[in-house]
Amino acid sequence: DTNTTGGYIAATSTDTKLLTDTLRVDRAIDYTSENWWEIEEYEQDKFDVVIDCAVGQEAWSKSPHVLKSCRQGGRFVAVVLNEWHIAAIDHYYQIFGLLGPPLGRQLYNLVRWTTPYYRMYLGGDVDSTSLQRVLDMAFTKQEITAIVDPNSPHPFTTQGFRDAFNQHIARKGHGKIVIAID
């Protein structure tokens, strides 16, 4: 059974009800009780794409168990650099320690075929056609749903900002963490 996209979507969160009821994923995995890279079904029928929005290096190293190889079209898309928490950079040369591992994985794409293709996405320019397509999906066709964290909106106060920021840093948000401006 597949969703309306014609594909199979699995996602991880501690809020599996949000994933199944609101986002309508095919399988919601509570990562506190089940390891997505050890699910036998996914080891047998591997994914085409894994998008990592939270973990970094650890997810990349575990993805080959459930992700097709580069030769088979497997792609790992990293939205976080290497680790979630990034140390302060005091000297310009420290940037190499931060960017070295993900850039090394990008270069490694050129010489290997047995592991998934690694792509680092950290934002970038969006052309007007792509933006128009997304806006059309969101407003005209209503195919995109914005998920707001149940603890939001936070009040527009010092404590509200602290609560919102602490929730973000602790990675406890289940949707957009919002601060209300009245």
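Modeller: Ile179 is located in the segment that follows H6; helices (H or I, at least four residues) and strands (E, at least two) are DSSP runs numbered from the N terminus. The model is a predicted one, in which local features require pLDDT of at least 70 and side-chain atom pairs pLDDT 80 or more, while totals for chains, interfaces and linings use all residues. Residues are numbered from 1 along each chain as its sequence is written, and side-chain values rest on heavy atoms, with hydrogens and water left out.

Ile179 counts as partly exposed because its relative accessibility is 26%; buried means under 20% relative accessible area, exposed over 50%, and partly exposed in between (1.4 Å probe, protein chains only). Leaving aside residues up to four places away in sequence, Ile179 touches His154, Pro155, Phe156, Phe161 and Ala164, where contact means heavy atoms within 4.5 Å. From Ile179 to Pro155 the C-alpha distance is 5.9 Å, although 24 residues separate the two in sequence. In the loop between helix H5 (128-140) and helix H6 (158-169) one also finds Pro153. The peptide bond joining Ser152 and Pro153 is cis, with omega about 0°.

The sheet is the next element to consider. Its three strands form an open sheet in the order S3-S4-S5, with parallel pairing; two strands pair if DSSP finds at least two bridges between them. Strand S3 (49-52) and S5 are the edge strands, each pairing on one side only. On average, neighbouring strands of this sheet are turned by 15° against each other, direction ignored; the axes are lines fitted to C-alpha atoms, for helices over the stretch in contact, with angles from 0 to 180 degrees between N-to-C directions. Four bridges connect S3 and S4 in the parallel sense, and Ile51 has Val77 in S4 as its bridge partner. Strand S4 (residues 75-78) is likewise joined to S5 by four bridges, again running parallel, with Phe76 opposite Tyr118 of S5. In a regular strand, side chains alternate between the two faces of the sheet. In strand S5 (residues 117-120), Tyr118 and Met120 make up the covered face, whereas Tyr117 and Arg119 make up the uncovered one.

Aromatic contacts complete the picture. The whole structure contains six aromatic pairs; rings of Phe, Tyr and Trp (its six-membered ring) pair if their centres lie within 6.5 Å, and planes under 30 degrees apart count as stacked, over 60 as edge-to-face and the rest as tilted. Trp36 and Trp37 form an edge-to-face pair, because their ring centres are 5.4 Å apart and their planes stand at 90°. Trp36 is buried at a relative accessible area of 17%, and Trp37 is buried at 16%. Trp60 and Phe76 are also edge-to-face, since their centres lie 5.3 Å apart and their planes are at 65°. Because Trp60 belongs to helix H3 (residues 57-62) and Phe76 to strand S4, this pair ties together parts 16 residues apart in sequence. Both Trp60 and Phe76 are buried. Elsewhere, ring pairs link Tyr8, Tyr42 and Phe47 into a cluster.

The largest nonpolar core has 15 residues, of which Trp36, Tyr42, Phe76 and Tyr118 touch the most other members; such a core is a set of buried Ala, Val, Leu, Ile, Met, Phe, Trp, Tyr and Cys residues joined through side-chain atoms within 4.5 Å. At least two residues of this core come from each of H3, S4 and S5. Not counting residues up to four places away in sequence, Trp36 touches Thr12, Ile29, Tyr42, Ala59, Lys62, Ser63 and Val66.
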